[in-house]
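Visitor: I would like to learn how to read a model of this kind, feature by feature. Please take the general idea before each case.

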Protein chains: 2
Amino acid sequence: MNLAEYIEGRKEAHLEELKELLRIPSVSAKREHKPDIERAAKWVADKLRASGMKTVEIAPTNLHPLVYAESLEAPGKPTILFYGHYDVQPPEPLELWTSPAFEPAVRNGNLFGRGTADDKGQVHIHLKALESLRAVNGKLPVNVKVLIEGEEEVGSVSLWDYVKNNKAKLKADALVVSDTSMLGRGVPSITYGLRGLNYYQIEITGPSKDLHSGVYGGAVPNPLTVLCELFAKMHDKNFRVTVPGFYDDVRKLSAAERKALNALPWKAKDFKQTVGAPGYCGEKGFSVVERLWTRPTLELNGIWGGYQGEGAKTVIPSKAYAKFSTRLVPDQGPEKIAKLVEKRVRTLLPKTVSCKFEVLSMGKPWAAPFHAPIFKKAIAALEKGFGKKAVFIREGGSIPFVTQMYDTFKVPCVLIGFGLPDENAHAPDEHIALENYFGGIKAVAHFYADLATL
Amino acid sequence: MNLAEYIEGRKEAHLEELKELLRIPSVSAKREHKPDIERAAKWVADKLRASGMKTVEIAPTNLHPLVYAESLEAPGKPTILFYGHYDVQPPEPLELWTSPAFEPAVRNGNLFGRGTADDKGQVHIHLKALESLRAVNGKLPVNVKVLIEGEEEVGSVSLWDYVKNNKAKLKADALVVSDTSMLGRGVPSITYGLRGLNYYQIEITGPSKDLHSGVYGGAVPNPLTVLCELFAKMHDKNFRVTVPGFYDDVRKLSAAERKALNALPWKAKDFKQTVGAPGYCGEKGFSVVERLWTRPTLELNGIWGGYQGEGAKTVIPSKAYAKFSTRLVPDQGPEKIAKLVEKRVRTLLPKTVSCKFEVLSMGKPWAAPFHAPIFKKAIAALEKGFGKKAVFIREGGSIPFVTQMYDTFKVPCVLIGFGLPDENAHAPDEHIALENYFGGIKAVAHFYADLATL
């Protein structure tokens with residue numbers, strides 16, 4: 001039986017197995033899900049072992065364990081390090097899911113559930129590709145190392161230490177990652193640039209306790225208003241971030257790259273249909289694609305304070321909170337930006353309140369050339385899986401590990417993503433198109449097979 | 001046995017009975033507490049009946065029932081209408097209560113629990129004063145009507161209709177209310193002015209669903225940022241509300257009243273100790289007392305949107321919410337202000353978002369002369385209860401019923417409050433000083449007794 005036939009014959013079984021993993025609510029941001037995180041790590045380790053990987057280990061960290069596996073039975077052949085993550089974003093707001101976040105369901109050719117696209121579905125593509133290769137050929141055509149972490153959605157906080165302490169073990173000729181998106185339906189894509197991510201939380205305190213807004217209103221600082229005034233000042237009217245120095249280290253795009261990015265078959269109509277906002281905005285002087293992939297941002301991710309329940313409560317709360325993040329582009333440095341952002345916040349806040357400023361995570365941006373021979377193999381493999389020629393794109397999201405690996409080992413990083421931009425990663429009704437899940441298994445299996453002749 | 005001895009001998013029993021009422025979580029803002037609301041109404045009706053009121057009825061409304069009772073056995077004597085409320089504010093944030101909100105507890109001479117000061121404790125003062133008078137004298141010295149509502153904390157939405165439909169029944173020579181505060185410890189106070197209250201809620205929608213802030217950040221409207229920018233524009237740098245026309249109908253204080261208010265034994269030190277903010281702010285050109293009692297405000301009472309859980313979630317939410325309110329002073333009209341506020345909000349919002357604007361409740365401000373003979377009786381009674389001469393104050397809070405009664409019947413409204421400004425009405429650890437609770441029963445009993453000779 002050849003590889004394509006083997007994969008084709010196991011579609012149902014693959015899907016059922018993926019659903020098992022999706023049912024584990026491995027939400028890395030929440031302490032209460034610690035047992036689920038452990039369960040997901042064990043599930044991944046078990047499947048790696050079942051697929052014939054020789055060494056499989058669950059490595060504890062200060063937060064959530066990493067799963068590492070290797071199969072080094074192809075002497076003289078290249079060594080590939082595959083990276084993915086088994087943790088997922090929180091599922092809230094729960095009421096907006098059509099079917100429950102952790103009860104995977106197929107509708108209209110899509111598999112719905114938290115983690116389907118980001119990143120359990122894509123990790124499973126690789127597990128099944130490796131398993132198929134071994135089943136058909138008896139062994140893997142290349143040397144494979146696999147690292148699946150459980151902290152990607154909280155900034156990969158333990159990963160850097162792990163890489164530093166395991167350099168020899170992780171060394172490979174190339175890094176392969178599937179945690180990105182295709183440019184659009186039917187457009188297989190290879191991502192060569194990612195934005196970095198710093199995530200912040202602030203707590204603003206005015207009065208030392210909640211106050212009656214009738215009895216005290218008009219003569220005390222309201223931390224909710226102060227928070228609003230702060231974030232109103234973080235952008236100017238051209239949607240530029242007003243943090244002094246924020247743009248100092250932004251590398252200018254070459255005219256050629258700018259032209260290439262704007263010439264991609266990216267459809268404004270699809271973008272607007274997915275977003276569905278009454279209007280659009282963004283930094284003046286840049287196209288939407290440039291804004292999304294090549295420009296740094298500052299975005300509020302959550303705000304809260306005071307009464308949020310039904311009806312009315314006339315309170316001036318003691319505290320107001322915000323979670324926000326900056327997306328970074330080459331060559332912005334996360335540490336420098338974090339300092340500048342904190343300075344800006346503290347400068348803008350009035351003396352009527354106090355403020356606790358926390359940096360929850362930091363991650364560097366990444367963009368790299370794509371001339372190495374492995375990229376040709378990737379294009380060929382994607383064509384086998386999808387019948388279309390792949391394009392080279394950048395992405396607005398962040399994968400800290402890619403930057404870390406690139407900086408550490410200076411090897412090509414091949415990011416082949418099987419999600420779609422409108423599949424609600426990080427939002428309710430996250431899903432993956434089944435055609436891309438099954439096409440992905442086929443493409444990835446051919447990719448690993450072809451790498452034997454790299 | 002005389003009245004003072006009778007009351008003195010029943011202190012423990014009175015306190016235990018009040019605790020029963022405090023244990024009922026009659027939160028009017030929350031649908032889930034509907035059964036508790038019903039239970040509290042019944043409790044109040046039962047106690048009125050037990051105190052010998054002849055007619056006691058629970059009047060259903062579209063929301064929460066009103067309790068009405070009357071005793072008209074003093075022909076030729078004045079008729080007094082006493083008003084209070086049995087509903088309470090939501091207890092959140094629960095974690096900031098030293099003892100649970102609905103498990104009343106005595107500490108350091110104070111009774112703690114939601115509703116102790118606002119307004120169950122103060123309603124109970126009147127119930128026990130009336131019961132004592134009847135027990136000692138066999139009947140009440142004046143005609144008494146009692147109206148205890150269950151919607152005060154949600155804007156008394158059903159009350160106006162009830163008053164309109166029951167004008168003859170509610171007619172009285174004076175209205176007596178205990179739902180305000182004393183100026184400070186040991187300063188019995190009669191309130192002659194209240195601010196009105198309009199309460200609003202807005203929902204701002206940007207994208208039609210939550211989006212990944214990496215994939216979409218920088219090219220879509222973030223409703224959290226839009227909300228911040230909106231409320232940053234609602235005040236100018238002198239802390240004046242920027243709604244056009246907002247101050248047009250504000251009646252200027254007379255020089256005499258301004259002087260009298262600023263001469264009260266109000267202590268900035270106590271105020272600052274209660275509030276405990278790093279700094280203070282308010283409308284330029286007015287003293288703190290003027291800001292609190294005589295100037296209109298716009299305050300945020302709650303904001304929320306996006307991720308509020310532990311850790312990080314990189315989301316651009318679809319929606320952002322705010323609850324906010326305007327406190328009104330004579331002669332601002334609630335309907336006019338609501339229209340001006342909505343217009344301002346809609347004018348300020350960019351076309352990139354849509355907005356749902358709701359007015360949850362409206363209530364008129366009130367301020368009235370205090371020359372009628374009944375005020376002398378109130379001063380004398382307060383002196384019997386507290387050994388001190390009372391002062392005339394205004395208050396920043398709102399009691400819609402007072403305005404409605406004053407406008408409808410043009411009778412004196414006597415607001416004698418037994419709370420203290422630092423007793424955390426609407427906040428965690430709400431309490432009432434036992435000395436004021438017991439002093440209140442004594443003062444109110446003497447007040448009703450003296451009114452026979454009005």
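**Strands, helices and chain contacts**

Guide: Strand E1 (residues 55-59) of chain B and strand E2 (residues 66-71) of chain B pair in the antiparallel sense over five bridges. Strands pair if DSSP finds at least two bridges between them, and strands (E, at least two residues) and helices (H or I, at least four) are DSSP runs, numbered from the N terminus. This is a predicted model, in which local features need pLDDT of at least 70 and side-chain atom pairs count only at pLDDT 80 or more, while totals for chains, interfaces and linings use all residues. Residues are numbered from 1 along each chain as its sequence is written, and chains are lettered from A and ligands numbered from 1 in the order in which they are written.

Visitor: Which residue is the bridge partner of Thr55(B) in E2(B), and how many residues lie between E1(B) and E2(B)?

Guide: In a regular strand the side chains alternate between the two faces of the sheet. Here Thr55(B) has Glu70(B) as its bridge partner. The two strands, E1(B) and E2(B), form a hairpin with six residues between them.

Visitor: How should I read the relation between chain A and chain B?

Guide: Two copies of a chain are related by a rotation about an axis and a shift along it.

Visitor: How many residues of chain B are in contact with chain A?

Guide: Two residues are in contact if their C-beta atoms, placed from the backbone, lie within 7 Å. By that rule, 88 residues of chain B are in contact with 87 residues of chain A. Strand E11 (residues 297-306) of chain B gives the largest share of the chain B side, nine residues. That side has 38 nonpolar, 33 polar and 17 charged residues. Nonpolar covers Ala, Val, Leu, Ile, Met, Phe, Trp, Tyr, Cys and Pro; charged covers Asp, Glu, Lys and Arg; the others, Gly among them, are polar. Of the interface residues of chain B, 98% are also interface residues in chain A, so the copies meet through the same surface.

Visitor: In which sense do E11(A) and E11(B) pair?

Guide: Strand E11 (residues 297-306) of chain A pairs with E11(B) in the antiparallel sense, over five bridges. Within this pairing, Ile303(A) has Gly305(B) as its bridge partner.

Visitor: What are the domains of chain A?

Guide: Domain bounds come from an automatic or database domain assignment. For chain A it gives domain 1 (3-194 + 365-453) and domain 2 (196-250 + 296-361). Their C-alpha centres lie 35 Å apart. The contact takes eight residues from domain 1 of chain A and 10 residues from domain 2 of chain A. On the domain 1 side, the residues divide into four nonpolar, four polar and no charged.

Visitor: How do I check a helix?

Guide: The expected span is 1.5 Å times one less than the number of residues. Helix H4 (residues 120-137) of chain A has 18 residues and should span 26 Å; its end C-alpha atoms are 26 Å apart, which agrees. H4(A) is followed by Gly138(A), whose phi is positive, near 85°.

Visitor: Is H4(A) largely enclosed or exposed?

Guide: A residue is buried if 20 or more other C-beta atoms lie within 10 Å of its own, exposed if 12 or fewer, and partly exposed in between, with C-beta atoms placed from the backbone. In H4(A), 14 of the 18 residues are buried, so it is largely enclosed by the rest of the structure. By contrast, Glu5(A) lies in helix H1 (residues 3-8) of chain A and counts as exposed, with 10 C-beta neighbours inside 10 Å.

Visitor: Where is there a cis peptide bond?

Guide: One joins Asp118(A) to Asp119(A), with omega near 5°. Asp119(A) lies in the loop between strand E5 (110-112) and H4 of chain A. A cis bond also joins Pro330(A) and Asp331(A), with omega about 0°.
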